[in-house]
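Dear colleague,

Please find below the structure that I am handing over to you.

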Amino acid sequence: MRSRRFLSNRSRNETSGRSRAGTTANSNDIKRAHRKSPSRIRVNAFAKKSLIDNMRILKGRKLTAMCCQGDDAVFLGTDTGYLLLMDRDGRFPVQTRIGVGVKALTQLQLIEDLNILVALCDGKLTYHNPKTLRKINSCIDKGIPKSLAAWNASNKISIFSVMRSKPHDICVGLKRGRKCLIAMWSEERRAYMQDQELAMPADALAMEWFGKTEYVGIGFKNRYAILYAPDGKTNEPEVPVEGGPVVMHSVDN
């Protein structure tokens, strides 16, 4: 009887030991699987890439504006009014750097459908060829449309935004004037031919068209409004924002 009891106890211990070993193995497998699960894998959504390895190539100038043309080129604006084109390898071709003004070049926007690069420097809009950066003469230089040409000639433009899709209308803000202006693009003339002035509650500090719509957001110091371009009216009440000024950017997708 004693031998039977001893054998039975021994078999119980062996069984329990195997069960504990199996439990430990299973738990280790679960931990390893958990560590390898997609939910715990670290993913970098944006890859880091140095655009300018040597800032001395700018010769002491500070970057004040930037605009990309896909993966092919980057347009840069400096505090001394220079416009530069950098290729995908980080090089600055000598022939693709021009002086646009004296003060800082504050904004750049590429209209890919029209193959036009719009720059804002010294309160004035200029149009350039994206490949050569040469200035494109526009109807604004001839006084058309009237209000936009007058603002441009007197260096009174503080901010602008161009609709990225057709019809490529432009909205600009007036310096210290509490006004905005929307100009309509003419495909036939390839120029802005008509415009309308709009009174604003304050000076515009941010401006952005919403994707492919005809709505444009206007940001102020502590609030923003949404305008409908065809009639220039705000269909929604102004939205207050804490900790301004407002910064706006639209993502098409």
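In what follows, a contact means heavy atoms within 4.5 Å. The model is predicted, so local features need pLDDT of at least 70 and side-chain atom pairs count only at pLDDT 80 or more, while totals for chains, interfaces and linings use all residues. Residues are numbered from 1 along each chain as its sequence is written, and side-chain values use heavy atoms, with hydrogens and water left out.

Overall composition

The chain has 2 helices and 16 strands; these are DSSP runs numbered from the N terminus (helices H or I, at least four residues; strands E, at least two). Of its 253 residues, 36% count as buried, that is, under 20% relative accessible area with a 1.4 Å probe, protein chains only (exposed is over 50%, partly exposed in between). Among contacts between residues at least 6 apart in sequence, 41% join residues at least 24 apart.

Thr-78

Thr-78 is found in strand β2 (residues 73–78). Because its relative accessibility is 0%, Thr-78 counts as buried. Leaving aside residues up to four places away in sequence, Thr-78 touches Arg-61, Lys-62, Thr-64, Leu-84, Lys-103, Ala-104 and Leu-105. Its side chain also makes a polar contact with the side chain of Thr-80 (3.1 Å); such a contact is a pair of N or O atoms within 3.5 Å, where within protein one must be able to donate a hydrogen and the other to accept it, and residues adjacent in sequence count only if both atoms are side-chain atoms.

Nonpolar cores

A nonpolar core is a set of buried Ala, Val, Leu, Ile, Met, Phe, Trp, Tyr and Cys residues joined through side-chain atoms within 4.5 Å. The largest has 21 residues, and those with the most contacts inside it include Val-118, Leu-125 and Phe-160. Among the elements that give two or more residues to this core are β6 (116–121), β7 (124–128) and α2 (146–153). Apart from it lies another core of 17 residues, among them Met-163, Met-200, Ala-204 and Ile-218.

The β5-β6-β7 sheet

Strands β5, β6 and β7 form, in that order, an open sheet with antiparallel pairing, two strands being paired if DSSP finds at least two bridges between them. β5 (105–111) and β7 stand at the edges with a single partner strand each, so one side of each is left without a neighbour in the sheet. β6 and β7 are joined by 5 bridges, and Leu-117 stands opposite His-128 in β7.

Yours sincerely
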